[in-house]
Amino acid sequence: MEHDAAHMRAALQLAARGLGNTWPNPAVGCVLVQDGAVVGRGWTQPGGRPHAETQALERAGGLARGATAYVTLEPCSHHGRTPPCCDALIRAGVARVVVALRDPDARVDGRGFARLRQAGITVEEGLLGQEAAALNAGFIRRVTQGLPLVTLKLASTLDGRIATRTGESRWITGPAARRAVHALRARHDAVMVGSGTVLSDDPDLTCRIAGMDPVPMLRVIADARLRTPPGARLVREARMQPSWLLTGAGHSPSALAPYISAGVEVVTIRRAPRTAEGGGGLQPRAMLAALAARGVTRVLAEGGAGLAAALLRAGLVDRLVWFHAPGTMGAEGVASLGPLGVAALAAMPRFRLAETRPVGADVMSEFVKE
């Protein structure tokens, strides 16, 4: 029905508020409707709790009895840190539950629907399911494949250069594009860079948008050889904004001590084999699997050229967001991508254009993996 779709779209908009803030839990939205009027709304809160259904039921109070609940993901049926949302809906006396997407988590996966139906509640599933799957693609990827969703962000000149031959890079794009990058960070659980970016830019990788108060951004450094200076901001500020250091095996305890004492979590990752395009760095799939195993669902890779190329070579980039500044540098500028080893057009990583729009003086284009 038309009003069902409208209420589910509202629930999806609520769910989107939680992106980047709810991991390892999914971002879920819930709308409670009684006699055509919305009586309660909720979305997954920062850190993953309270859940969307709990929030909506609390706001609805007694008006939830006999209402229809529109939920973007199957209500949970297992005990975690909070009781099952199914039980909360049953206790509240909800008459009908319309769900966009079944939860692929083995602890749920149809059990929530079964419990609701056993309680006499009408359950309908699949409304705007594709939209719900796209919204929670990171959670689904982590649960079903053991990997997070990966967005690669690049900011370059029109000819794909990220710095001059002398290394000058601030700022290629303008203030509006940089604000858009902060908004992009806010929708991801973690921001990842390579050690070269740490050495050249000493970034802080935080989300700085007026009025926005996200969960502290997880910063991840891919650094096989332990080149990150202990005095880098990502290390110094690790107790205020969490930082994880992904590195290879074999480093001595004394070499790791400065990072650990600063509050950095050190994660050992397998090294990639050496090839003509490079190698000896960290195995990209192993890096992402380690993040997923710790609950990360959405990763924004911000560079540099080596990390970007490694992820593309491994076929692990799901979305590509490219900011182009209206200028050129020529071949002597620093390329935005390292070697990909493409010897034939058929082997070239391909993406489909999803959106392009001006951002201040620059252009932002978003692509999705073919």
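In this predicted model, the largest nonpolar core has 41 residues. Leu 32, Leu 57, Val 94 and Val 97 have the most contacts inside this core. Helix H1 gives the most to it, with five residues. A second, separate core holds 33 residues, including Val 150, Ile 269, Ala 301 and Leu 307. As a general rule, nonpolar side chains tend to be buried together in soluble globular proteins.

Neighbours within four places in sequence are left aside here. Beyond them, Leu 32 touches Ala 37, Val 38, Val 39 and Gly 40, among others. Its contacts also include Ala 56, Leu 57, Ala 60 and Ala 64. Thr 68, Ala 69 and Val 94 are on the list too. Two of these partners, Leu 57 and Val 94, are themselves named among the residues with the most contacts in the core.

**Helix H1**

H1 covers residues 2–16, which makes 15 residues. From first C-alpha to last it reaches 21 Å, close to the 21 Å expected at 1.5 Å a residue. Its buried residues are Asp 4, Ala 5, His 7, Met 8, Ala 11, Leu 12, Leu 14 and Ala 15. What do they pack against? The partners are strands S1 (29–34), S2 (37–43), S3 (68–71) and S4 (96–99), together with helix H5 (129–135).

Ala 6 also sits in H1. It counts as partly exposed because its relative accessibility is 41%, between the 20% and 50% cut-offs. Its C-alpha lies 10.0 Å from that of Tyr 70, a residue 64 places away along the chain.

**Helix H12**

Is H12 largely enclosed or largely open? It is largely enclosed by the rest of the structure, because seven of its nine residues are buried. Those seven are Ala 305, Leu 307, Ala 308, Ala 309, Ala 310, Leu 311 and Leu 312. Leu 307 also belongs to the second core. Just after H12, Gly 315 takes a positive phi of about 70°.

**Backbone exceptions**

Most residues other than glycine have a negative phi, and most peptide bonds are trans. The sites below depart from that pattern.

| Site | Feature | Value |
|---|---|---|
| Arg 49 – Pro 50 | cis peptide bond | omega about -5° |
| Gly 303 – Gly 304 | cis peptide bond | omega about 10° |
| Leu 205 | positive phi | phi about 55° |
| Leu 226 | positive phi | phi near 60° |

Pro 50 lies in the loop between S2 and helix H2 (52–60). Leu 205 is in the loop between helix H8 (195–201) and strand S9 (218–222). Leu 226 is in the loop between S9 and helix H9 (233–236).

Are these two leucines buried or exposed? Leu 205 is buried, with a relative accessible area of 2%. Leu 226 also counts as buried, at 14% relative accessibility.

**A surface patch**

Val 342, Leu 345 and Met 348 form a nonpolar patch on the surface. Together they have about 270 Å² of accessible area. Val 342 is in the loop between strand S14 (334–335) and strand S15 (351–359). At 38% relative accessibility, Val 342 counts as partly exposed.

Key: Residues numbered from 1 in each chain as written. Predicted model: local features only at pLDDT ≥ 70, side-chain atom pairs only at ≥ 80, totals over all residues. Heavy atoms only, no water. Helix = DSSP H or I, 4+ residues; strand = E, 2+ residues; numbered from the N terminus. Expected span 1.5 Å × (residues − 1). Buried < 20%, exposed > 50% of the residue type's maximum accessible area, 1.4 Å probe, protein only. Contact = heavy atoms within 4.5 Å. Patch = residues over 30% accessible without salt bridge, like charges linked within 9 Å, V, L, I, M, F, W, Y side chains within 5 Å. Areas by Shrake-Rupley, 256 points an atom, 1.4 Å probe, with all protein chains shown as cover. Salt bridge = Lys/Arg side-chain N within 4 Å of Asp/Glu carboxyl O. Core = buried A, V, L, I, M, F, W, Y, C linked by side-chain atoms within 4.5 Å.
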